[in-house]
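Please read the points below with the sequence and the model open beside you. They go through a few features in turn.

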Amino acid sequence: MRIAPIVLKILVTIVVSTGAYVLTNLLNQSGDELWKIAVSVVIGGSALIVQYMVDFEQRLGTVEAGHRERSRELEAQFNKLSEAAGLLSELDQAGMSTSDARRLIKSLNRVGQQGPEIVKAFARSEVESLASVVTDLTSMTAHWPRDNNEWLIRLTECARRTIHATSSSVDQPFWNTDSAGPYLDAQAEAMSARGVTIQRLFMIKEEEEADPGFMQRFTRLCRAQRDTGISVRFLTLPLPEGARLRSVVARDVVIFDSELYLEFEPDRQEGNVQTRLDAEGRRVDGQVRTFNTLWATATELDHRPSPSSGGSG
């Protein structure tokens, strides 16, 4: 059974006072009785005061310890807030949208509190993927292990001046897929809303050019894109002996505003397995020069005889 602190203090005081009285009697048996009682009361009162002083010191120590702990917590919170404010300030200075960053943080918080585990895992995966891409972009390059049409469409939406694209035989089937629609829509929007100039250079093989069926389909494709406002030319591969850039491997490259390009690197089975985004100035300039050289030697569709059974598409 636990004794209340006030009862314990009273008991200690009584014991001390009684002990003091007994000790006074032993030391001064002939003394005044009132004096003996007074001495025992004073000693007992002193014992009580000492107990309260010890208790006060303990409580004061507890309060100070709690205050130090709260101070550390407040300092940690302040540091976190300062860091967050600093990051938002850096975003603002870099011309990024701080409102989007706040929206992302608030949305992640709601997902973390309310979403099922698979939604949380997916959100974490998306944030990690975004962080990885943005981190890679600090070195002006980023990679994706397969086709990335989302990058292609978003960069088309971000373009303000020009889009220069080489389209090899690797991606000819792409234009017949559902993925091509949003890409062409984004290009149409870029041309009409922002005045972006788009040039597409198709690269076809000699055997493809010799195939009337292929050329009929290819002609319809080129005319359909030209009708939307895209400038279209084509080259036949391999290039003639001695031609400049003959050794350049035909890859699908899209250059945006002459400042950044996407390169789709095919595997041995001619399937796009990696997307590379590059904004390093020297490499971008090299891609621009290569495209301009190829474009200057390319042929416009109307300069070749139309297939006998061709249509306007």
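1. What volume does the largest pocket have? In this predicted model, the volume of the largest pocket is about 820 Å³. Its lining is made up of 24 residues, and those nearest the centre of the pocket are L130, V133, E150, W151 and R154.

2. Which helices supply the lining of the largest pocket? Helices α3, α4 and α5 (149-158) each give at least two residues to the lining. The largest share comes from α4, with 9 residues.

3. The patch is formed by L104, L108, V127, L130 and V134, which together have about 370 Å² of accessible area. L130 is both a member of the patch and one of the residues nearest the centre of the largest pocket.

4. Now the charged pairs. Side chains of opposite charge can pair when their charged atoms come close. The structure holds 8 salt bridges. One of them joins E117 and K120, with the closest N and O atoms 3.5 Å apart. These two residues are 3 residues apart in helix α4, so about one helical turn separates them. E117 is exposed, at 56% relative accessibility, whereas K120 is buried, at 19%.

5. E150 and R154 form a salt bridge as well, at 3.4 Å from N to O. They sit 4 residues apart in helix α5, so they too are separated by about one helical turn. Both residues are among those nearest the centre of the largest pocket.

6. A further salt bridge is between R233 and E300, at 3.4 Å from N to O. This pair links distant parts of the chain: R233 is in strand β4 (residues 231-237) and E300 is in strand β8 (residues 299-300), 67 residues apart. R233 counts as buried, with 19% relative accessibility, while E300 is partly exposed, with 35%. Elsewhere, salt bridges with shared partners join E263, R276, D278, E280 and R283 into one network.

7. How many disulfides does the whole structure have? A disulfide is a covalent bond between the sulfur atoms of two cysteines. The search finds 0. As for individual cysteines, C158 is exposed, with a relative accessible area of 51%, and C222 is buried, with 2%.

Conventions: Residues are numbered from 1 along each chain as its sequence is written. This is a predicted model: local features need pLDDT of at least 70, side-chain atom pairs count only at pLDDT 80 or more; totals for chains, interfaces and linings use all residues. Side-chain values use heavy atoms; hydrogens and water are left out. Patches are made of residues with over 30% relative accessible area and no salt bridge: like charges are joined within 9 Å, nonpolar side chains (Val, Leu, Ile, Met, Phe, Trp, Tyr) within 5 Å. Accessible areas come from the Shrake-Rupley method with a 1.4 Å probe; for residues, only the protein chains shown count as cover. A salt bridge is a side-chain nitrogen of Lys or Arg within 4 Å of a carboxyl oxygen of Asp or Glu. A disulfide is a pair of cysteine sulfur atoms within 2.5 Å. Buried means under 20% relative accessible area, exposed over 50%, partly exposed in between (1.4 Å probe, protein chains only). On a 1 Å grid over the protein atoms alone, a cavity is a set of points where a 1.4 Å probe fits but cannot get out, and a pocket is an open set with protein on both sides within 12 Å along at least five of seven lines; lining residues have an atom within 4 Å of a point. Grid points are joined across faces, edges and corners, and a volume is the space filled by probe spheres set on the points.
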